[in-house]
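Have the coordinates open while reading.

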Amino acid sequence: MSLDTVAAAQSSPDTKQPFAELGLKPDEYARIKEILGRRPTSSELAMYSVMWSEHCSYKSSKVHLKQFSEKAPKSAALLVGIGENAGVVDVGQGYAVTFKIESHNHPSFIEPYQGAATGIGGIVRDILTMGARPIAVMDPLRFGPADAPDTRRVLPGIVAGIGGYGNCLGLPNIGGEVVFDQTYAGNPLVNALCVGVMKHSDIKLAKAAGAGNLVVLFGAKTGGDGIGGVSVLASETFDSSRSTKRPSVQVGDPFVEKLLIECSLEIFAEDLVVGIQDLGGAGLSCATSELASGGSGGMKVALDKVPLRDPSLSPEEILMSESQERMCAIVEPHKLPRFLEICKKWDVTVTAIGEVTDGNRLEITWNGELIVNVPPRTVAHEGPVYNRPMAQPAYIDKVNSQKVKLSIPHTATEIKEAVLKLAAAPNLADKSWVTSQYDRYVQGNTIQSHPEDSGMVRIDETTHLGVAISTDANANWSYLNPYQGAKLALAEAARNIATAGARPLAVTNCLNFGSPEDPGVMWQFAETVRGLADGCLAMGLPVTGGNVSFYNQTGTVAILPTPVIGVLGVIQDVRTRTPMSFDTAGLDLFLLGQTYEDLSGSEWAFLHGERTGQAPTADLAREMRLIELLLAGHAAKIFHAAHDLSQGGLSAGLTEMVLRYSVGAIIALENVGVALLSESPGRVVVAIDPKKVSDLRELATTHSIKVEKIGTTGGDSLTINDCVIDLDELRHAHTSTFPRLFG
Amino acid sequence: MAKIVVEVMLKPEILDPQGNAVASALARLGFSVAKSVRQGKRFEIEVEGEPTASQIAQVEKAAEVLLSNPVIETYVVRVEK
Amino acid sequence: MRVGVITFPGTLDDRDAARAVNRSGAQAVLLWHGDTDLKKVDAVILPGGFSYGDYLRAGAISRFSPVMNSVIEAAGEGMPVLGICNGFQVLCESHLLPGALTRNSDLHFLCRDQEIEITNNMTPWTTTFSLKERIVIPLKNGEGSFQCDDKTLAQLEDEGRVVARYVGENPNGSRNLIAGISNERGNVVGLMPHPEHAIDPLTGPTAQGLGFFTSILNSMVK
C-alpha cells in the first residue's frame, strides 16, 4: 500500500476511509474534513480518531467538568490547576506537591497484570512530567464478587501487576482500597494514584515554546503496543461475544521507567527542558499535538526518526502506538548535547525527531513526504464537545421511596454474630494478602500506610514536613443519590486526612461510570460532578485535576456510579501524627459526631442484598467543624488515636482498632444494633487519656460537635454491652477471608 | 534463518514453585495428563546464515557464564532451523 | 570512616543505605556501577532494589559491572562487603558467596516486618549484636529463597557461616530458614532483609537495623 500523503489526500477526495472502525462518528469525520479543507490522510485520521476518543478528549464530560474551574474556591496553595498533566499545590517551605489519580479499567480486565502495571507506569509518568520526583502510589481497586471465578482470575493479576511495576520503580505503596461488588463483574476498576514532590522552581509544563527548539523523544523504543487501545477499548462498552482485544494491550517495562525517572530528574535538575510531555494514551499523536497546542502552535516532526522496536510499523501505527515508558521534551539546541549525555549515562534511548516552528500547524513527514498537516489545537483541545442528553433514571424515585428492610441484632449472641460477620466480609476483612505484595518501605519516608486512615510520607528529613493522602468512594451512596454521594465521599477523604492531624489542602478525582450515551448514566455523572464541585467550594478544597472513565459496562448494565475522591493534606511535623489505634489500656474511647439510623447503602445492607433507601445528606459545615476539632485536638496533643468511621460503621471501626495492636476495648452502647451498624457520616472514634477528657469536651463545645464516651481500652476481648468477643476469634474472622479466597 | 537455542532448567533437586503452581492449575482445569511440571527458560539467538562450530561454542560459553546460574540451573544448546 | 554504597541501574535502596551509614556516624560514599574506582572506601554496601529489572535472574547482569571487578578484588583482600537483598543476589551471582536466591516459594512478592535471629556476631557487620539476639527488620522481595546443595549447606552450618536466620514461619522457602550468610573469611556478608529500613521507629518497625551499620564503624575503628 502506498503512503497516504497530504498531496494524495488532496487529489483523492472520494477515497473511502475506515473512520467508523477507528471509532469516529460520521459527523466527527465530516468536521475533520471541514477543518482540513480536504479529506484527512490515513495518519491524520489515526490521530484524530485517538485524540477525539472519549478517553482522550473528554467530549462527554467537558461541559460538566468545567464546574471545577467555575466553582473553584480561592486557594493560595494552588500552583498549577486543571489542564496540565497533574495539579500542583504549595505545601510550604518552598515545596510543591503534585498528585493525580488515573484509571486503567478496561485494559486490566483484558490482561490484569499488564493492565494494572501500565496503569501505574502511566500515572507515575504524569507526575514525573510535572518536574517532580514520584514518592508514593496508592491503588483504589474494585472487583466483582469476591468468590466469583473471574475475580480469582483478575484480582491476583492486578495486585501482582501493581506490585511488580511499583516495587520495581521504588515507589512505596501507602494505601488504597479493595472493594467487591457484583456491579464490577466484567468491569473491574483499577485506579492508580501517584504523588510527587519538588521545589517550586522545578515545576515543568507541557508547552512547546521557542521556534527552533528541538522536539526530543526519549525512553523506550516504539513498538506495536496498544495500537488503537485507547479509542478501541475505553470508548466502547464490552460486547462479550466479540473476539478478545488482546493485541491492543500495552506491555510495561518498569526497569526502563526507573531509568527514565532518574534520567529525567537529572535533566530537570540541570534545567535542560523548556517543556515536557509524557506519552500515554494516544502516544505520539497526543504528545505532539498537546505540546504544539500548549506552546507557540507550530511543530515539525520527522516520524521516520522515531526509534522502533518493530521496523514493520506503518506511520499510522507509529502515531497510534502506546508503547510505554516514553517522554517527549522540548530542548533548546545548545542544551541538547548535555541532554544526550545524561541519557547515555542512564542508557536511555534518545532521538531528536523535530522542532518547534513559527507557524500554527503540526506537520509530520515520513521520509520527507508530508503525511500530517493539521492545526494542533483541533486535535488536542478542540475535540468534539457533547452535551449528552440526561434524565434522572426511573430507579431513583423508586429506591429512594423504599425503606431498607433489615434485621437488627439485639442479643449478645446476635451482636457477636454481626460483628464477626462484618469483620469477615470481603469488603471489610484484613487486606494483608494484598498489601504485603507491595513495598511500603522504599525511599525510607513512609510514616503510615494501609491500614491507617491515610497514607503519609515525610518530604523533608530535617523539618519533618509531611503530606497525607486518602482515597475514598461509596458507590452505594452514589447509586442512591449521586449528588450527595460525591459530597459524602469528599468529606470522608478529607476527614481521613484530618484524623492523623494533617490539614486537607486539595482534591483529585477518578470518576468511573457507565456509558455516557445512556441518559441515566449521564445524569448520574452530571449530579456527581455538581456535588463534587459544590462540595469542594464549600470545603475550600480546589480540584487540581483528575480522570474520567466512561463505558464501564457490559451490554446495557452500567456499573454503580463510582466517583473516587482523593484528598491531599499537609502536616508540619510527621512525628506528631495521630495513629489510627491505641496500644495501651486505660484510655477512654469517645465517639465524635452524631449517629442516625443510616443503614441504606451500608455494608450491613449490602451483605443482606439490600440496595434501597436514601443516602445520608452531607452536612459539610459540620464536617468542616469536625475537621477543625481534629486538627485542634492534634495540635493540643490530646489524642492517642483517631479513626474515621465509614463502611461497616462503628462495628468495623472498633474491630480495626482493637486488632491493630491487640489491645481490646470495653464498650457500652444504647440502641446497640443501630449504633454498631449505622454508617452516618462525619464520625470519628478517638482514644484519649482520661485526664484530657475535659479538653476534648471543651473543643467539642467550641466546634459544636457531639461527643459521647463509648468505652475504655484494655483487655483481650472486644466487649460490647454484655457481648464478649475474644480478640483471637475476632482476628481469625478478620484475617482468614483473603487467604481463603485467593490462596 | 537458523537460530541457536539455549534451554535452561532448574536442577532437578531445586524447588520449582512456578512449575508446581502450573501443575496445580492444570489439574484444576481437568488436565490429568501431567505427573509433574518443571518450568524453564528458552533463549533464541539469531545468527547470520548457518551457525558455525565457533558460534555454537561461543553460545555454550555464554550459557555457562550468563544465561544460566550453574549453582542452580543446567542448560542445553541446540541449533534450530 | 568511609562506606561505599553502589548504584546499579535499577538499584532502589541506595539512598536508604546511605542514610543508615550516615546515621551510624560513618560517611556514605556513592559509587557508580560503571566506575571501577572505589574511592578509597573502607567497606562497601551493595543495596537492595531491582538492578536491571531483575531480568534474566536477579543480580545476574549487575555482577558483570566494572565496579564489581574492584569489589571482588577488594573483598579478596579482606574489605568488608555487605549485600542487602538484591545486593545479596549480586554477591551470589559473583560467587563471592555460595548458593543462590530463587523465587519465593509461594510465588508472591512479600513485604513484612520479619523477626530474625543473629547467629554469627563475629563478622564486621554484626559485632554489636549479641549472639542469638532477635531483631525485627523489614523483609521485602520476590526472590528471597536461599538455595544451595547439601554439601554447601553442611559447610555453612558447620563453619558457623549462617549469619542470620528467620524466626517463626519460613517466609520464602529458604533452606534452613537462612536469612543471611558470610564467606569463609567472614568479611563478605549477604542478608535478605533490610536493616536500612529499620533505623527509626518513625519510618520502620524498629531501629534494630542500625546495628549492622554501627558494627562496621566499630570494626574499623579497632
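A:Asp4 and A:Arg39 form a salt bridge, with 3.0 Å between the closest N and O atoms. A salt bridge here is a side-chain nitrogen of Lys or Arg within 4 Å of a carboxyl oxygen of Asp or Glu. The two residues are 35 apart and link distant parts of the chain. A:Asp4 sits in the segment before helix H1 (6-11) of chain A. A:Arg39 sits in the loop between helix H2 (26-36) and helix H3 (42-51) of chain A. Helices (H or I, at least four residues) and strands (E, at least two) are DSSP runs, numbered from the N terminus.

Both A:Asp4 and A:Arg39 are buried. Buried means under 20% relative accessible area, exposed over 50%, and partly exposed in between (1.4 Å probe, protein chains only).

## Basis of the values

This is a predicted model: local features need pLDDT of at least 70, side-chain atom pairs count only at pLDDT 80 or more, and totals for chains, interfaces and linings use all residues. Residues are numbered from 1 along each chain as its sequence is written, chains are lettered from A and ligands numbered from 1 in the order in which they are written, and side-chain values use heavy atoms, leaving out hydrogens and water.

In chain B, the side chains of B:Glu7 and B:Arg42 meet at 3.5 Å, N to O. B:Glu7 belongs to strand E1 (residues 3-10) of chain B and B:Arg42 to strand E2 (residues 40-46) of chain B, so the pair ties together parts 35 residues apart in sequence. B:Glu7 is partly exposed at 26% relative accessible area. B:Arg42 is partly exposed at 39%.

In chain C, C:Glu117 pairs with C:Arg134, the closest N and O atoms being 2.9 Å apart. C:Glu117 lies in strand E6 (residues 110-118) of chain C and C:Arg134 in strand E7 of chain C, 17 residues apart. C:Glu117 counts as buried at 13% relative accessibility. C:Arg134 counts as partly exposed at 45%.

## The chain C sheet

Nine strands of chain C form an open sheet with mixed pairing, in the order E2-E1-E3-E4-E11-E10-E9-E6-E7. Strands E2 (27-32) and E7 (134-141) of chain C stand at the edges; each has a single partner strand, so one side of each lacks a neighbour in the sheet. Two strands pair if DSSP finds at least two bridges between them.

Strand E1 (residues 2-7) of chain C runs parallel to E2(C), joined by six bridges. C:Val5 stands opposite C:Leu30 in E2(C).

For A:Cys194, the nearest cysteine sulfur is that of A:Cys510, 14 Å away. A:Cys194 is buried at 0% relative accessibility. The sulfur of A:Cys286 is 5.7 Å from its closest cysteine sulfur, in A:Cys56, too far for a bond. A:Cys286 is also buried, at 11%.

In helix H15 (residues 394-401) of chain A, A:Tyr395, A:Ile396, A:Val399 and A:Asn400 are buried. On the other side of H15(A), A:Ala394, A:Asp397, A:Lys398 and A:Ser401 are exposed.

Technical notes:
Disulfide = S-S within 2.5 Å.
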